[in-house]
Amino acid sequence: MKQTKYQTFIGLEVHIHLITESKVFCGCRNVFGSEPNTNVCPVCMGYPGVLPSLNEEAVKKAYQVAMALNCHLNEKAVFERKNYFYPDMPKNYQISQFEYPFGINGYFDLELTDGSTRKIRIHDVHLEEDAGKMIHEGSHSKLDYNRAGTPLLEIVTEPDLVSGEEAEAFVQQFRQMVRYLGVTDGNMEEGSLRCDANVSINEQGKGLGTKTECKNLNSSRFIKKALEYEIKRQAKVLNSGEKIIQETRLWDESVARTSSMRTKESSNDYRYFPEPDLPPYRPKADFLEMVKSSIVELPGIRKKRIKEEYGLNDQQAVFITGEKEMADFFENTVLLNSKDSSSTSKEFAATAASWLSGNVQKILNDSCLGISESCLSPERLFAVLKLIENNTISAGTGKKVLAMVFEKNEEPGDLVDKLGLAQVSDTGEIEKIVSEIVDANPKVVDAIREGADKQIGFLMGQVMKATSGKANPGLAQKLIRKKILK
Amino acid sequence: MQGKDMAGNGINSSDSSSVTNGGWSKVLSENKASYLEYVDGWEKKIGSFLEYDIERIRSASCREGALAGIPFGVKDNFAVEGFNITCGSKILEGVASPYTATSVAKLQKAGAVVVGKTNLDAFGMGSSTDNSAFKVTNNPWDLTRVAGGSSGGSAAAVAAGLVPFALGSDTGGSVRQPASFCGVYGLKPTYGVVSRYGLTAYASSLDVVGVLSRTVDTARTVFNTMKGRDILDNTSVSHPGSANNGDVKKIAVLKVSDGILSKEVELSYAKSKNRLLSLGFELIDIELTSLEYVVPVYYTIATAEASANLARFNGLRYGYQSPEGKDPGELMQASRDEGFCDEVKLRILLGTYVLRSGFQDQYYLKAQKIRTAIRNEFNTIFESADLVMMPVFPTPAFKHGSAELDTFQQKVADLYTCTANLTGLPALAVPSSVEENGLPVGVQFTAPAFEEDRLFNVAGVLEAGFPSPTVPGIKDWSKF
Amino acid sequence: MKLDELYVTAKLAKLDLNEGEAEKLAVEVSRMLEYFSVMEKVDVEGLEATVQTLSRENVCRPDVVTSRDVSAKMLDNAPKRDDRFIIIPNVL
């Protein structure tokens with residue numbers, strides 16, 4: 001194993017925008033994309049005399065994440081004021097948590113590429129409010145406070161990640177987890193998941209080096225690229241005998257490098273002190289029980305279970321459990337099969353998985369919908385697969401039926417009946433047609449008898465044509481062979 | 001609730017209030033013309049209102065209600081929709097309030113009408129009201145003197161009989177001290193009992209909504225209307241009521257060494273003691289060992305919280321914006337420097353300093369711990385007394401300008417009032433007497449948490465037995 | 001308090017002090033800080049800081065949209081605006 005000169009230490013600060021009806025400290029709507037300054041009130045605009053009022057759903061979701069990350073939950077969580085000035089800040093202090101956040105000292109089981117897992121330590125999980133948005137336009141900046149006061153959960157890791165690739169994997173897996181929990185939609189393009197990275201390198205065994213903070217990492221891909229660049233840059237600096245300057249650096253995708261963000265705000269004394277307007281939060285046993293029971297099966301665990309229970313291969317398991325909706329859809333479909341005993345669970349599961357990752361996913365991609373937004377349901381998929389299984393329709397027809405279900409929002413059975421899509425599986429009927437085709441194509445038949453097996457395909461095509469595609473392909477093949485290779 | 005004091009005198013604490021029965025509900029209707037003339041005449045002399053308009057938001061008040069038609073003033077650091085909210089500072093000049101404070105809304109729901117916003121020291125910072133950017137308020141008893149601060153406008157308006165009550169805010173004595181200077185009642189309720197939503201924060205853990213009034217009954221009625229938990233203020237609580245029916249038998253009286261109080265205040269203090277004895281109360285002398293530290297502790301905590309609370313005023317979203325400033329940072333700095341007066345800047349700087357990394361332990365954290373010691377001391381005293389009696393301020397109203405008491409000395413003089421804010425306890429300034437120099441002096445009672453009834457009881461008994469003098473030339477509209 | 005300490009503090013407080021102002025304020029701040037130093041005498045062993053005036057805990061509100069729309073009134077107060085945006089000189 002190649003021993004590199006430097007050890008890398010990467011810690012991430014991930015912010016997720018929580019899904020709630022109202023903002024964290026006021027009753028304004030918590031939605032993305034409204035007309036500027038419409039989801040605002042005196043509280044989130046920082047008017048004189050206003051006070052924050054804590055949203056219980058934000059608290060619940062914060063604890064769900066803290067528990068899912070195996071954090072120690074502070075007996076008493078305290079809100080604090082983080083004081084600094086910026087135009088997008090309504091109060092010029094941010095209500096956050098500092099000394100006593102909701103959760104501390106947790107861990108995340110990161111799945112590595114070789115299939116093993118490693119615990120990435122979580123320093124803390126804390127709740128805070130977001131600032132407004134600034135849009136820069138020439139000589140002016142435009143302020144929109146719709147986003148101000150929306151609930152943000154910040155998750156800080158210890159510097160346990162060792163490469164850009166690992167950091168990317170962490171963000172992807174973490175995003176998957178919080179989407180499973182339903183606490184955020186984790187959309188990096190829309191900004192509902194944001195990530196800053198702290199990275200340092202040092203000679204092996206010497207501990208942490210001087211770190212730089214990397215910002216503007218708007219996708220997990222950028223995270224990998226930026227960190228790889230930054231690690232290389234730091235190595236170059238150290239190799240030339242210089243020291244790393246502790247600073248904030250911005251990733252610029254257009255030139256693929258980080259550059260120093262020398263602003264006046266860079267060394268800030270935030271003067272944290274406990275928020276006098278918000279009483280501390282002391283989670284009670286029944287509350288914690290309620291939160292614990294509301295935590296769904298996490299993706300890593302679910303993937304493992306589904307793989308074992310249904311005998312799926314790695315690739316299938318990864319796809320199926322990629323999003324919770326898909327995993328739910330899959331398991332609900334397979335559940336319908338357990339009531340019907342005509343095929344083993346594992347066989348059916350494999351078929352269902354294959355259809356979901358193939359035919360179904362294609363339809364969803366083409367229409368830009370998620371599975372729970374489409375009119376496909378586990379019942380409908382199950383119906384299609386059963387129709388194929390009991391030879392009512394061929395697999396090819398089944399694919400077409402699926403597309404029609406999606407398009408017309410009708411039941412598969414109804415469509416098959418209405419459009420007469422049932423395949424012909426009557427042996428006698430097909431035999432008759434096969435005879436006709438065989439008689440009509442003596443040269444092909446001879447060729448087949450001499451070993452040109454592929455020509456069966458041509459005869460198959462003819463049979464299909466003669467039956468308007470309704471002949472049961474398996475049966476047709478069988479009968480053709482029987483007829484020819486007697 | 002009827003009762004008798006120790007000497008057998010009847011205590012009148014009936015349900016009917018002196019403010020609701022009588023002439024005050026007619027001044028905005030039948031007696032409007034003469035009332036407005038009266039207000040105008042006084043305002044030219046005392047200048048208690050920054051904005052005054054009896055019709056402006058009348059529709060915001062209910063036609064029926066226990067306080068229907070009663071006019072009241074509101075200190076200009078409260079949000080009242082329909083009026084501006086300047087907080088007495090240039091940085092908020094012309095800012096129209098888009099909402100109404102909960103405390104005010106509750107009074108409007110009971111029918112009371114906000115007729116104007118009263119003058120104050122900017123952001124509640126001061127003991128004279130001379131720190132207002134807009135006008136000077138004069139004490140109705142002596143126009144060359146201050147009305148006190150920071151709720152000087154409210155105190156002056158009530159003392160001159162322009163309104164039966166006015167709202168003020170009390171962070172370190174800002175309702176009680178002007179009440180004492182103007183010869184009216186000044187109530188500081190228990191922290192949290194009246195919602196702070198809509199009151200511009202000065203020091204969040206010390207601020208309360210207070211009432212200035214000419215009768216005990218009025219203060220009680222207004223307080224009872226406003227109190228109650230508010231979901232918009234997470235520090236608010238519902239009032240559990242008095243634990244002992246508001247009974248008072250024993251009062252702990254602070255022993256004040258010679259030379260601390262001015263001679264008028266000393267005399268007045270002694271008078272109050274004698275009156276209480278004559279009414280049958282038991283008095284015991286106490287000393288407060290923590291008194292030496294209350295002012296430094298108060299100012300450390302208050303300025304720290306204020307430095308954060310005033311950070312939002314930067315000229316970007318509302319209020320005064322400097323014409324200077326090429327970038328937002330410069331713009332904010334210039335707006336704040338030009339918009340804030342010196343006293344406000346001083347407190348912001350102090351507060352920022354005591355929170356700075358490296359200094360926080362020594363100042364802010366230390367002060368918060370000493371604060372606990374002060375609370376403990378009061379709790380101990382209340383184990384063997386029902387109320388604590390103290391002076392309000394070492395002097396009567398001082399003259400405008402710093403000749404008599406400079407701003408530093410004014411701060412040091414907060415020692416008797418800021419204890420109630422540090423401990424969160426309720427306190428009432430009661431007009432005690434008018435001394436030889438023609439200036440009123442008040443006396444202060446502090447009760448355990450949620451025991452406002454004890455304050456009203458004792459004040460009521462004193463009021464009945466020893467009616468306090470009123471400003472010469474005043475008209476009592478309640479009698480019309 | 002030394003003048004440069006004051007300037008650092010003023011910067012944190014986003015106050016742009018001119019020289020005369022700074023000198024005057026430095027004197028006043030120093031006086032107050034000296035007055036505060038009496039706190040050093042107090043032994044606070046075993047005392048918890050009073051962080052909350054009342055000992056309330058766990059105060060929350062239900063997650064419902066309640067605000068009424070006063071955005072127009074608030075935007076009217078803005079010193080400079082561009083339709084529904086509040087504008088300021090460019091940050092960069």
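This is a predicted model: local features need pLDDT of at least 70, side-chain atom pairs count only at pLDDT 80 or more; totals for chains, interfaces and linings use all residues.
Biologist: How far apart are the end C-alpha atoms of helix α2 of chain C, and what span should its residues give?

Modeller: Helix α2(C) covers residues 19–36, which makes 18 residues. At 1.5 Å a residue they should span 26 Å, and this agrees with the distance between the end C-alpha atoms, which is 25 Å.

Biologist: Within what arc do the buried residues of α2(C) fall, seen down its axis?

Modeller: The buried residues in this helix are Leu25(C), Ala26(C), Val29(C), Met32(C) and Phe36(C). In general, an α-helix has 3.6 residues a turn, so residues three or four places apart point the same way. The buried residues of α2(C) line one face of the helix, because seen down the axis they fall within an arc of 140°.

Biologist: Which exposed residues does the face of α2(C) turned away from its buried side carry?

Modeller: The buried residues of α2(C) are covered by elements that include α7, α9 and α10 of chain B together with α1 of chain C. The face turned away from that buried side carries the exposed residues Gly20(C), Glu23(C), Val27(C) and Glu34(C).

Biologist: Which residue in the turn of the hairpin formed by β7(A) and β8(A) has a positive phi?

Modeller: Strands β7(A) and β8(A) pair in the antiparallel sense over five bridges, and Met134(A) has Leu143(A) as its bridge partner in β8(A). Two residues stand between the strands, and the one in the turn with a positive phi, of about 65°, is Gly138(A).

Biologist: How many nonpolar residues are on the side of chain A that touches chain B?

Modeller: The contact takes 35 residues from chain B and 26 residues from chain A. Those of chain A include five polar and six charged residues, and the number that are nonpolar is 15.

Definitions and conventions: Residues are numbered from 1 along each chain as its sequence is written. Chains are lettered from A and ligands numbered from 1 in the order in which they are written. Two residues are in contact if their C-beta atoms, placed from the backbone, lie within 7 Å. Ala, Val, Leu, Ile, Met, Phe, Trp, Tyr, Cys and Pro count as nonpolar, Asp, Glu, Lys and Arg as charged, and the others, Gly among them, as polar. Helices (H or I, at least four residues) and strands (E, at least two) are DSSP runs, numbered from the N terminus. The expected span of a helix is 1.5 Å times one less than its number of residues. A residue is buried if 20 or more other C-beta atoms lie within 10 Å of its own, exposed if 12 or fewer, and partly exposed in between; C-beta atoms are placed from the backbone. The arc is that of the directions from the helix axis to the C-beta atoms. Two strands pair if DSSP finds at least two bridges between them.
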